[in-house]
Amino acid sequence: MNPTDTIVSAENIARLMRQLERERQARRDAEAISERSLRELYKQKEDAHLIARIASLANEDPEVESVFRHALDAICKHAECTHASAFLVSPDHEELKQIQFDPTDDVGFSSAKTRIENHIVFDLRLPKIVLAEKRPIWIEHLDEAFARARDDGPCSGSLFAFPVMVGSTIGAVLVFYSLAERPVDQKLLDFLVQIGIQLGRALERRNSDVLLRYEARHDPLTNLANRRQFQESLAQAIDAPPALVAVLLIDLDRFKIINDSLGHNAGDELLIAAARRIEQVLAENTKNMRYLLARIGGDEFTILLENIPEEAAAFQLAEAIRRKMNEPYRLHESSIYSPASLGLALGKDSSAEDLMRNADIALYRAKLHGRGRTEIFEQAMHTAAVDQLKLESNLRNALASGEFAVHYQPIFNLETGKLQGFEALIRWHHEGRLVPPEDFIPLCEETGVIVYIGEWVLDRICDDIKVMEVAKPHVDMALTVSINISPRQFMQDNFADYLLQKLHEENIPPSKLCLEVTEAVMVKDFVRAQIIFGALRSHGIKIGIDDFGKGYSSLNYLRQLPADVLKIDGSFISAMAVDKNSYEVVDLILQLAKRLSLKTIAEGIEDEAVDRLLREMGCNCGQGYYYGKPAPLSQVLEMIAIGRK
Amino acid sequence: MKGIIFNLLEDIVRQHHGLDVWEAMLDLSGASGIYTSLGNYSDEEIFSLVGAASKILEIPPADVLRWFGRHAIAELSVRMPEMFNVHVSSRAFILNVNRAIHPEVRKLYSGADCPYFNFQDAPDGSLTMGYRSSRRLCHLAEGFIAGAAQVYCDSVESRQDKCMHHGDDHCLFVLNWPKAAASAS
């Protein structure tokens, strides 16, 4: 062994001790570095945990208050604060409102509750600064301007607040108090900005929930209640102790025409204007009555009325609305009239469905009786409506089960006495009786069944004309068949094309056909009438004005009427022998027709005296019981063979 | 037991009694002597070190723990001043053991098995402190309390009414701060 190795000098020991101390210090430094990292890691874990917790709260808890209460509690624990509060920002971003947590709801929130409810009164000052500067703020040494003790005692410590963001706007401000006067912790503030974004989800969700709930119960165009809200409110009103409840339906009579002619924008504007008008009348006329105005369909508004003193009050209100709706609207720089029809139903113990149905029946009645009216539901209307429903269903079956038939009423030339043609008339044999046309044609017209019936009638006539042609005693005899065209048939887009095509297919000369339309069809859309009837006439089809004298004949359009024949209404003819005025009217029509080069046919000739009179007055043709009742084809063939009465 | 306790014990023994005593304690106890603050070591090891110190220094183990606790707090106040700065008195510091000090310890040493103390204000103004732990280190706690009083330059009178070493199911201290110190908390 080398002796030098064993020499343990004081110097060597001192050096070893120094080495040992360095090693010891290095170990401590390493430990300190590790501890700092561990601490940092722990902090990050805590942050991540809090963010995750806040995020799940904000995304899952349906109640904003509950989300905020949990969040305040969690952040208090995380950031070592003793008190906290939340301030909601009003939708106009002007006002702050402190959330008042329900003190009885302390399940799991006892610590937050203590923190929130007790001790510290937060001033709006700090939240206002956050709202103005849109960033978190830290107050190292607070004074009374920011917060004070609830018992008005002195209050020291520090505060910080951060915004809860809803998109790019501030939805709420959360404020935290710590007893210690803590210096600004920028890391914490940066972290709280993240928390604020997560918490914003809860507000966003509530805002969209509120919006969804609103949208589900409101009409987006007029902002009135929609059908759903109306039905809920009606059900509630019905469930309440028995009291008079009314449902008032309002239908804009001319909405469809305005919408079709001026466009949907104008239609929308009209609906909005109408809604505001009704609201105005309600505000001025309901007195103590409670009401809910809703838009439940295209142009249909409805009002639920409660707390009604007497039936008359509801009717007066309806009339006030009707009068208001008569005033013109200013739309697209022109004055538009859109009067309303109203149906009112009242009940003390009716079901919601009954009230709605009754109001509907009353509205239907108002429209039927000429629109621009108010009708109050009566039980008789219900019976009539039920009958009507039955009729409608029967009508739909009638075509399929062959219950319709076409009868022909002869038209004679009064000058020559020769058979001129026939008016085709529809007959409905239902359950062993003949249903009069006036009992079902209006309904066919309204339901649209008329279009199918019209097609069927045309088919029949085409077949029958061929039979008539064969039955004629000589080829040159001109026989014309007139058919009645309803407004709805006329409004069919392809009306003229369909008719001409059909005649072409059946190889029937158009001149064999005369279309009878009322003045109303002519006047409703005169431009269209001129175009379509003009086209049909150019092919040889004749056009007759039915029931002439009954409507509001306008001299202006008479001048340009695309017609060949005037049919004088039977009511004048049957009365002319005894009533001077009727005589004068017929005379006037005959003279007018002569001037306008129109042929005339008198309807409803029932005896020889009238027949003679009409001949003397120069009427061209006539029809009526005197000449022959409407009869099936088989029964008129003989008449055709003879060619005279 | 966390390594920091072994580190503190080594430092304090070396400071007050020199390196040789620590080496002798290791020899006598058979403890490894290799400790890092980040590590976790068996509870038995601290007990045998305390036993060895008791034999070498000829003082009862309970007094070794009291002595160690008192100095350990002073040492900790140097190493981790942030834990002490936020309080103004030993009473406040002690009352914050569960709420602030131990959570802080857990941040540094994950899985640290910190005891929970039950505090209760007595009508006479004193504070009772309950302690229950399988380690039965009530004497160390007593030393910590005295050390805290030293750190905050106040004084606390401590009386132990119950002790697990004497058959009780928990230890109970009654702590009294003379008027001047108490009002400072």
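Colleague: Hi! Which residues line the largest cavity?

Modeller: Hello! In this predicted model, the largest cavity is lined by P487(A), F490(A), M491(A), V521(A), K524(A) and D525(A).

Colleague: How much space lies in there?

Modeller: The largest cavity holds about 40 Å³ of space. Searching the whole structure for cavities of 30 Å³ or more turns up 1.

Colleague: And which elements supply at least two residues each to that lining?

Modeller: Those are α15 (487-491) and α17 (519-524) of chain A. The largest share, 3 residues, comes from α15(A). By class, the lining has 4 nonpolar and 2 charged residues, with no polar ones.

Colleague: Switching to the open sheet in chain A: what is the strand order?

Modeller: The order is β9-β10-β8-β13-β14, 5 strands with mixed pairing. β9 (290-295) and β14 (374-376) are at the edges with a single partner strand each, so each has one side without a neighbour in the sheet. On average, and ignoring direction, neighbouring strands are turned by 15 degrees against each other.

Colleague: In what sense do β13(A) and β14(A) pair?

Modeller: Parallel, over 3 bridges, with β13 covering residues 340-347 of chain A. L342(A), for instance, has T374(A) in β14(A) as its bridge partner.

Colleague: Which strands does helix α11(A) lie across?

Modeller: Helix α11 (residues 352-368) of chain A lies across β8, β10, β13 and β14 of chain A, and runs at about 145 degrees to β13(A).

Colleague: Last topic, chain B. At what angle do α1 and α4 pack?

Modeller: Helix α1 (residues 3-17) and helix α4 (residues 61-79) of chain B pack at about 105 degrees, their axes 10 Å apart. The two helices are therefore roughly perpendicular to each other.

Colleague: Which residues meet there?

Modeller: Among them are I4(B), L8(B) and I12(B) in α1(B), and W67(B), F68(B) and L76(B) in α4(B). By class, this contact of α1(B) with α4(B) has 10 nonpolar, 4 polar and 3 charged residues.

Methods
Residues are numbered from 1 along each chain as its sequence is written. Chains are lettered from A and ligands numbered from 1 in the order in which they are written. This is a predicted model: local features need pLDDT of at least 70, side-chain atom pairs count only at pLDDT 80 or more; totals for chains, interfaces and linings use all residues. Side-chain values use heavy atoms; hydrogens and water are left out. Axes are lines fitted to C-alpha atoms, for helices over the stretch in contact, and angles run from 0 to 180 degrees between N-to-C directions. Helices (H or I, at least four residues) and strands (E, at least two) are DSSP runs, numbered from the N terminus. Angles under 35 degrees count as roughly parallel, over 145 as roughly antiparallel, 65 to 115 as roughly perpendicular and the rest as oblique. Contact means heavy atoms within 4.5 Å. Ala, Val, Leu, Ile, Met, Phe, Trp, Tyr, Cys and Pro count as nonpolar, Asp, Glu, Lys and Arg as charged, and the others, Gly among them, as polar. On a 1 Å grid over the protein atoms alone, a cavity is a set of points where a 1.4 Å probe fits but cannot get out, and a pocket is an open set with protein on both sides within 12 Å along at least five of seven lines; lining residues have an atom within 4 Å of a point. Grid points are joined across faces, edges and corners, and a volume is the space filled by probe spheres set on the points. Two strands pair if DSSP finds at least two bridges between them.
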